[in-house]
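Dear colleague,

Here is the structure we discussed handing over. My notes follow below it.

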Amino acid sequence: MNVSFELVNGNYKALENITFSVYPNEVVGIVGESGCGKSLTSQAILSVLPKNAILEYEKMEYKQVSLRGLRDKDWREIRGKDISMIFQEPMSALNPLITVGKQIAEVLKVHTSHSKDEIKKQTIEMMKKVGLPRAEELYKTYPHQLSGGMQQRVAIAIALIADPDLIIADEPTTALDVTIQAQILALLKKIKSEQKSSMIFISHDWGVIRNICDRVLVMYAGHIVEEGAVSEILKNPKHPYTKSLIQSIPDHRKRGMELFTIPGKVPSLQDRKIGVCPFADRCFHRFDACHIEMPMTKEIEGTHTVKCHLYTKGAGLTS
Ligand SMILES: Nc1ncnc2c1ncn2[C@@H]1O[C@H](COP(=O)(O)OP(=O)(O)OP(=O)(O)O)[C@@H](O)[C@H]1O
């Protein structure tokens, strides 16, 4: 799929040729610096792109059924029941004026024909499952009466209660303090092992990706530049961007040493060069071809692919 924006001075591509699948029970991570297109990718999947975005795609399927041409009403059915979302900021998913119990229960009310009592019972069960203490009491509290970690647990309960097949988590731990981050991550790991759902997990944190994901897509400036099993990518990264990202992971063995940072920054949409390697300007391995044409995606081994001229044109430079 491609996503572009009609801005005052022209049309600018934000996502280009994004193609991937998520298989049953799989957790796919999307990693990349700020502005690489991670959130737009998830918004495109849920059909909640900003109004000024233009989405083009050949094929988008959910369980082998095309999502093309669905009406808003159909999407409302899908969201929450089949595909749900956990946001970075829990309050963006919660209504401050409605008690948390009611907000979780509402999903079941909309998507099932269960009785009132059954809905309340399942809601309390889900609240316990996501680690909300004294669930019966908490049912009647408002979001602002809870800590950030508790609010995120409520948002996770909302995302899980209708037992969706796909959960999209967009940096779900970033807005929380470190100890709470660890607790929420542990909860998401538990969900991963207990639920049958697949997950798309957006993060810029490789520690989180390593902890929870099976496969990872590395995004740079609107492109998937590398893809593969997390263990394989961490052990054997191929794209210079992935290598740099991995090199900048904080590590206690590097204590006292200056942390590696990638020089430069992700270009804004207006500054992106079209039809050439998007990473060329920041790449230590760039050569002529990188400034002339877009690299092809090359299969390294199994599901491991990379989009870099080093592996198609620069044979011998692949160390
Ligand atoms: N409504 C919009 N209008 C114009 N450009 C936009 C709009 N929304 C996003 N963009 C641009 O699209 C690009 C990708 O944005 P996106 O939010 O997907 O990045 P991201 O990788 O999720 O970053 P972050 O980690 O900061 O959330 C960025 O350059 C961003 O400025």
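A helix here is a DSSP run of H or I with at least four residues, and the numbering of helices starts at the N terminus. With that in place, helix 1, residues 38–45, gives the most to the shell around the ligand, contributing three residues. Please keep in mind that this is a predicted model.

Ligand surroundings

The ligand is surrounded by 15 residues. Ser34, Lys38, Ser39, Leu40 and Pro50 are the closest of them. By residue class, the shell has eight polar members, six nonpolar ones and one that is charged.

Overall fold

The protein contains 13 strands and 10 helices. Its C-alpha trace spans about 65 × 50 × 40 Å along the principal axes. The radius of gyration is 21 Å; a compact globule of 319 residues would have one near 20 Å, so the two agree. Of the 319 residues, 36% count as buried. Among contacts in the protein with a separation of 6 or more, 63% are between residues 24 or more positions apart.

Annotated span

An unreviewed UniProt entry places the feature "domain: ABC transporter" at residues 3–246. In the model, residues 3–246 are 40% helix and 21% strand.

Regards

Methods:
Residues numbered from 1 in each chain as written. Predicted model: local features only at pLDDT ≥ 70, side-chain atom pairs only at ≥ 80, totals over all residues. Near = placed C-beta within 6 Å. Helix = DSSP H or I, 4+ residues; strand = E, 2+ residues; numbered from the N terminus. Nonpolar A, V, L, I, M, F, W, Y, C, P; charged D, E, K, R; others polar. UniProt positions renumbered as here; feature names shortened; annotations may be inferred. Rg over C-alpha atoms; globule rule 2.2 N^0.38 Å. Buried ≥ 20, exposed ≤ 12 C-beta atoms within 10 Å, placed from the backbone. Contact = placed C-beta atoms within 7 Å.
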